[in-house]
Amino acid sequence: MNIVLAIIILSVIIIIHEFGHFLLAKVNKVCVTEFALGMGPKLLKFKKGETEYCLKLLPFGGSCMMLGEDEESTNERAFNNKSVWARISIIAAGPIFNFILAFVFAIVIIAKTGYDPCIVDRVEAPAIEAGLQQGDKIIKINKRKIDLSREYAIYQMVYPSDTMEITYIRDGKEYKTTVTPVHIQNEVYQLGVLVNQNDVSINSVNEDSAAEKAGIKKGDKLISINGTKLEKVEDISEIINQTKDKAVPIVVNRNGEELSLTITPKVVKQDYYEDGITSYGYGVKTTPLETIKYSFKEVEYSISTVFDSFLLIFKGQVTTKDVAGPVGIVNLIGDTVEDTKEYGASTVVLTLLSLATLLSANLGVMNLLPIPALDGGRLVFLIIEAIRRKPIDREKEGMIHFIGLMVLMVLMVLILFNDIKNIFT
């Protein structure tokens, strides 16, 4: 069922992309010969008017094939016989429709859960020395505007050591301060769990962690460690850093029953930069007008994440294990359903919509990159044609797109193997 859900989500995103091309082709009176979902051999097909509609074997990708798109034609309804601006609108429509879909999903999410302002929930050194306090609202770091807590989290990942000039709001007034992250190198002791901030319950248990070896399970509520009752999440690290790597008793509540276990915290070497700012990103409900505003911000965040990810790859902070293709995305969607279904259908739907928003915006951005065979590569040739007022030699353009397509096919195969490897490792 999770695989079916994943395929449905990907199919909707792809169909909307191809429908963008299809709709603008019809508006500009271009003959669409095939509209297909999937790749490879045809499973189902029917013809309506001049267009054949197909469902193909591999549920990844799609196509909107137009008359005269890749060859010369004397037919006035051929793609290449239309004005350069008409062709630009047709090619650009696919990615633009992906952004529109992401925006629609974002409206639903924010209307239901609100947006996540960057409110400071915890402060430690060096943020304390900079004068920041709990409850401050961060709105800018250096020259980068911050509207969402997640934007700050991404900034921390991309520029962990950079000195930050922070603009924030306190009691309705705007202030500025400077925070210089401190380089931390030490050893810490960890249980290997993600803990709910509200009730000290276990959201997830890492594989091969101290918690997994002790028999702790997702959903358990932590009662005490080494005889000390837990009042808040911060108590956990304080206790285990005192006990270090010694075996200690731990009490959890599982389905209303208290269980006594023994856990040995695991030592982990850390090397990172600490700015002393924590923002949990709690949702804040807002007005209908601001829902529209923050839906735009949500799409903007999804788009900027793509470019931030490129920076992380360039800096070597992202490995092949962090890169996912269609199979990896299906697996991710399946994991998302499994991790959220205990919280109810509404949570599952909203989480999947959030993931779909990110995927749709990502597809739009990736297709606009100036890579031959992609929409962005084709737009480059069309823009050059608009500037010089005559097309580039069709045969040379076709060869460049063909080479680009072959490179993309090789890349797809490599990503497929990477996806499969990551599933089993």
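Which residue in S7 is the bridge partner of Met164? The partner is Val179, and the sheet around this pair is described below.

## Basis of the model

This is a predicted model, in which local features need pLDDT of at least 70 and side-chain atom pairs count only at pLDDT 80 or more, while totals for chains, interfaces and linings use all residues. Residues are numbered from 1 along each chain as its sequence is written, and side-chain values use heavy atoms, with hydrogens and water left out.

## The sheet

Strand S6, residues 164-170, runs antiparallel to S7 and is joined to S7 by seven bridges.

## Cysteines

The structure contains zero disulfides, a disulfide being a pair of cysteine sulfur atoms within 2.5 Å. For Cys54, the nearest cysteine sulfur is that of Cys64, 12 Å away; for Cys64, the nearest is that of Cys31, at 10 Å.

Cys54 is buried at 9% relative accessibility, and Cys64 is likewise buried, at 8% (buried means under 20% relative accessible area, exposed over 50%, and partly exposed in between, with a 1.4 Å probe and protein chains only).

## A residue of helix H10

Met412 belongs to helix H10, residues 394-423 (helices are DSSP runs of H or I with at least four residues). With a relative accessible area of 41%, Met412 is partly exposed.

Key. Two strands pair if DSSP finds at least two bridges between them. Helices (H or I, at least four residues) and strands (E, at least two) are DSSP runs, numbered from the N terminus.
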